[in-house]
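Work through the exercises below with the model open. Try each task before you read its solution.

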Amino acid sequence: MSFQTKNPITGEVLPGSFAKSSAEEVSRACESCAAAAATLRRKSGKELASLLETIGASLTEARDAIVERVQAETGYPDGRVQGEFGRMVGGFAAFAEVARDGSWVEATIDHADPDREPLPKPDLRKMLIPIGPVGIFGASNFPLALSAGGSDVTSALAAGCPVVVKGHSSHAGTCELIGMAIQEGVAKAGFPEGTYQLVQGEGHEVGEAIVTHPDVAAVGFTGSLCGGRALFDLAAQREVPIPLYAEMGSVNPQFVLPELVEANGEGFAESFFGSITLGNGQFCTCPGMLFLPPGSDALLEKLASLVADSTGQPVLNEGICSAFESGMSRLESLEGVQVLAKGTLEGAVIGAPAMVVQVSYADYVAQRDVLSEEVFGPSAVVVVCDEVAQFTEAARNFEGQLGASLHGTESELAGAKNLLDELERFTGRVVVNAFPTGLEVCHSLVHGGPYPATTNSHFTSVGQSGITRWARAMSYQGVPDALLPPTLQEANPLGVARRVDGVFTL
Ligand code: NAP
């Protein structure tokens, strides 16, 4: 069985058809990864860094073809695609550095003390080691940075884990080109073929076959809550359960304090409008809920006029388009919910116009669950509160989110510690006077958060520290120096930062 992809601007079916991988093909891909795992786990950080850099160079060579295909499959403008291409290739360079540096393995040494009373102390050494083959599912909205060559792939390879990727059916052509370039890089770097495997398919069978394959040791998923949760349950039900790290949807609530509304309500409306319509709202960090204090009329008026004057853009696929339409109709049908403004749609067959609805705090509280559900696309729910104390109450009742922002003047922020504490309770990232969109990819980024934003709030899926998802902890007790991994040998031949007898050493 084969399938094709569509251009969301024109609705045209694009050239190229993609065979759905059979159960046998998925199984062969996973077995090939398992065979490669034995080689990869013995590679040094330097060798893994060189693999990542060689792949980065192969992707750069294929840049024009990849960029052209992404634009056709997503309808994204050139600037967005070029920027995301840079982020994808930059990810290979960043994780090459992480692999070369080696300190991510958290090497820890506790020396023996044979004279200790009442019992001698043994020599114990600990580090993180690669977990084994990793299954990866990318999201539709980041066809480069979070897909077949995205941050789950780079972090897993940097950790020494081979990967089997399920290509996203709405950008299968992009996945195929990326997959070919990566396999070329793998071969050039002299790594086994099973280092990177790509399987394709619409529907659930291919993905389910990856998650349930006995050789797969962990899974990374970016996408919807229903998809992530279904695959998480599947991973937990296996005879040998495995971790499944899913990053899922989020409404990322924004709280605006009154002095800021008074001082610059209209300016805030402009930047909020910019954030909900950036990429036509197709970001998991899109600020989908806005909490305002009383006296926000000028802000609301400005926001309404910006939304009403806007012309919508394409969305990635028909599924997202119909989910947006039904999500907005669901919101409109709720008690006390009014449409603040709706834009128009022009120039795209598969698209969505911006839309903002407004509700009072009392009506929000009465229908909290449904109003807090993500409607993926250029939309927002504005909750107009009767007093600022309701911000803290609203925050106390939120389910897990990737991010939340607090906006205010310097003086009012100084008195907002309680509210900030509440935001910390349910998010992975608290942002002040900015929107959560436009991730700064770095070591200290947390792109995660409590469930349902993710299935494991201890980790991040984006940023260098995401590498630890693909490892397990291992202790070596009384093992002779020559038999230890070089990272843990007494002379520290790799020069890795380690904790020795409780003291962090460089
Ligand atoms: P999706 O529909 O969940 O699909 C993601 C991938 O998983 C696709 O390959 C899909 O297969 C597969 N899949 C989904 N459900 C499955 C199941 N039950 N069994 C097996 N495979 C399954 O996600 P999407 O297409 O990217 O939709 C957008 C959503 O992703 C939004 O809700 C957005 O907020 C979220 N998102 C989250 C993040 C984040 O970092 N948290 C980033 C981007 C997007 P097919 O190819 O056959 O569809």
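A residue is buried when its relative accessible area is under 20%. Keep that cut-off at hand. The model is predicted.

**Exercise 1. Which residues of helix H14 are buried, and what covers them?**

Solution. 
- Step 1. Find helix H14 at residues 389-396.
- Step 2. Apply the cut-off. Gln 390, Phe 391, Thr 392, Ala 394 and Ala 395 are buried.
- Step 3. Look at the cover. Two strands are part of it, E10 (254-256) and E11 (289-292). The cover also includes helices H12 (361-366), H13 (368-371) and H16 (417-426).

**Exercise 2. Are helices H4 and H5 roughly parallel or roughly antiparallel?**

Solution. 
- Step 1. Locate H4 at residues 78-101 and H5 at residues 151-159.
- Step 2. Take the angle. The two axes cross at roughly 25 degrees and come within 9 Å.
- Step 3. Compare with the cut-off. Angles under 35 degrees count as roughly parallel, so H4 and H5 are roughly parallel to each other.
- Step 4. The crossing of H4 past H5 is right-handed.
- Step 5. List the partners. From H4 come Gly 91, Phe 92, Phe 95 and Ala 99; from H5 come Ser 151, Thr 154, Ser 155 and Ala 158. By class, this contact holds four nonpolar, four polar and no charged residues.

**Exercise 3. Is Arg 469 buried or exposed, and which backbone oxygens does its side chain reach?**

Solution. 
- Step 1. Arg 469 sits in the loop that runs between strand E19 (427-432) and strand E20 (471-477).
- Step 2. Check accessibility. Arg 469 counts as buried because its relative accessibility is 2%.
- Step 3. Follow the side chain. The backbone oxygen of Gly 466 is reached at 2.9 Å. The backbone oxygen of Thr 460 lies 3.4 Å from a polar atom of the Arg 469 side chain.
- Step 4. Look at the neighbours. Leaving out residues up to four places away in sequence, Arg 469 touches Asp 152, Ser 155, Tyr 245, Phe 459, Thr 460 and Ser 461.

**Exercise 4. Which side chain makes a polar contact with that of Thr 437?**

Solution. 
- Step 1. Go to the loop between E19 and E20, where Thr 437 lies.
- Step 2. Check accessibility. Thr 437 has a relative accessible area of 13%, so Thr 437 is buried.
- Step 3. Search its contacts. Among the residues Thr 437 touches are Ser 275, Leu 278 and Phe 283.
- Step 4. Pick out the polar one. The side chains of Thr 437 and Ser 275 are joined by a polar contact of 2.8 Å.

Methods
Residues numbered from 1 in each chain as written. Predicted model: local features only at pLDDT ≥ 70, side-chain atom pairs only at ≥ 80, totals over all residues. Heavy atoms only, no water. Helix = DSSP H or I, 4+ residues; strand = E, 2+ residues; numbered from the N terminus. Buried < 20%, exposed > 50% of the residue type's maximum accessible area, 1.4 Å probe, protein only. Polar contact = N/O pair within 3.5 Å; in protein donor to acceptor, adjacent residues only side chain to side chain. Contact = heavy atoms within 4.5 Å. Axes fitted to C-alpha atoms, helices over the stretch in contact; angles between N-to-C directions. Parallel < 35°, antiparallel > 145°, perpendicular 65-115°, else oblique. Left-handed = near helix turned anticlockwise from the far one by under 90°. Nonpolar A, V, L, I, M, F, W, Y, C, P; charged D, E, K, R; others polar.
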